[in-house]
Amino acid sequence: MKDLIQLYTHWSGHSPVQTQQIPGAGSNRKYYRFTDSEGMSVIGVIGTSRDENHAFIALARHFNLRQLPVPQVLAVSDDELRYLQTDLGTVSLFDAIKGGREAGGRYNQHEKDLLRRTIRLLPEIQIRGARGLDFSQCYPQPEFDEESVHFDLNYFKYCFLKPVDLDFHELKLEANFRLFAKDLTAEQTDSFLYRDFQARNVMLDADERPYFIDFQGGRRGPFYYDLASFLWQASARYPNKLRRELVYEYYDALKNVAEVPPRRHFVDRLSLFVLFRTLQVLGAYGFRGYFERKKHFLESIPPAMQNLRELLTLDCFPYPYLMDVLRRLTELPQFAPVEPQPAVRADGFRTTDSNVYQAHPTDGPATFSKYDGRGPLVVRVFSFSYRKGIPEDASGNGGGYVFDCRSTHNPGRYEPYKKLTGLDEPVIRFLEDDGEILTFLDSVYRLADAHVERYLQRGFTDLMFSFGCTGGQHRSVYSAQHLAEHIHQKYGIEVRICHREQGINQVLSSVLS
């Protein structure tokens, strides 16, 4: 630690005002945040392996030259056991999508958007990052090959299969392992294999732009590996529908930087790597959990086993004995599937879509209406219960649009949501997972956008939208809040929100000068 502070002092010209150790995950490296008197901070790292540190430093410098979103190495000790890097903040993608994970894989629109942005950036570091890269700098080896595959498969065998006391014929299993390894390495590739691409290794800056960290184990290898690693991360619990969407987001982004195989071939190859990655992480969980007794890894075993259970239903892998062993593994009593319990929280936490749009001009040509040119426009959005009548329009303009939300699935029919509102995270997840409310609002957004744009052009001052449902508590509140935020984010104008039956009023102030 003393040597790391000396490195910081030599680099910055002064001692840190504050030093804070950052909790590590599965790594033996130690991380510290050094902050100066002006509040500027950097990250100091102490590693136990010079070769591993050297790999990270060399890769980070190369990726920075390629203008990829990774931390910048600021200073390195002579022995390369300590270095300083830019501070990317405290929020990882894993943290940012915590709500969806805790809700059993019911990710809201904002969380899905973060995942899409991240997965579309992956081909950049894999393909652009590989150009001109000296793979001999990689640690512990420069390339994904049959030997490394055998190592990981044996890691699974010795650290997971054997500790759970499953009977198997070792020679038959090894024969299937050899076939599996040959298939995994059958295609030559010049891409960078990140190897540990997961949500914990993606940091989000203040503008929620993704940055990649912990790539020191990378090497030349197939791009399928990282996609499988990310989307089949056991603890993430991504639903299959979301996985499919993100696979095609990745495939679409990959086409921008590389020649891609046909989609069917791509999916078939990906399936092989999903199986391989699942066995690999089970080996890691077995070692870290069964032998080192680390709680996080023990807790990750059940969702990883569920991933394996789902893979076995595909019945597309040409390794009969391996498949037999894996099926018997999933049938062991200690791995019996547990019915997931939805996480229901009533703490008022609210999430929204975070689409960002350019503000539109507020002035337009003169027209013939006596209401023109007064601006600026103020939009009022209400939620209400039809039992208590449609909201009155105090402006005298007639009340604007009234939308009936009662055709959509009602969370109020279910006991866990009866005391919550459309501002609460469990209700938001219910509505967005069901999807009817999103289809409903797509049409509303198009209509509202056209109306707002015309009113801005003509200099009108008032526009009103109202959403009604049975009790004015769930669907109408969700719809009103999301339309209000959509209009405010897209046009930057003042929006006043009134959830009448909840007694909630909010003003989203104009950001236009």
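Select phenylalanine 230 to begin: this residue is buried, with a relative accessible area of 0% (buried means under 20% relative accessible area, with a 1.4 Å probe and protein chains only). The model is predicted, so local features need pLDDT of at least 70 and side-chain atom pairs count only at pLDDT 80 or more, while totals for chains, interfaces and linings use all residues. Residues are numbered from 1 along each chain as its sequence is written, and side-chain values use heavy atoms, leaving out hydrogens and water.

The structure holds 40 aromatic pairs (rings of Phe, Tyr and Trp, the last by its six-membered ring, with centres within 6.5 Å; planes under 30 degrees apart count as stacked). The rings of phenylalanine 230 and tyrosine 238 have centres 6.2 Å apart and planes at 25 degrees, so this pair is stacked.

Next, select phenylalanine 94. Arginine 101 lies over the face of this ring, 3.5 Å from its centre, and arginine 200 lies over the face of phenylalanine 94 at 3.8 Å from the ring centre (the criterion is NZ of Lys or CZ of Arg within 6 Å of the ring centre and within 35 degrees of the ring normal).

Finally, display strands S10 (residues 378–385) and S12 (residues 462–469), which pair in the parallel sense over eight bridges (strands are DSSP runs of E, at least two residues, numbered from the N terminus; pairing requires at least two DSSP bridges). Within S12, glycine 468 is the bridge partner of phenylalanine 384.

Key
Rings of Phe, Tyr and Trp (its six-membered ring) pair if their centres lie within 6.5 Å; planes under 30 degrees apart count as stacked, over 60 as edge-to-face and the rest as tilted. Buried means under 20% relative accessible area, exposed over 50%, partly exposed in between (1.4 Å probe, protein chains only). Helices (H or I, at least four residues) and strands (E, at least two) are DSSP runs, numbered from the N terminus.
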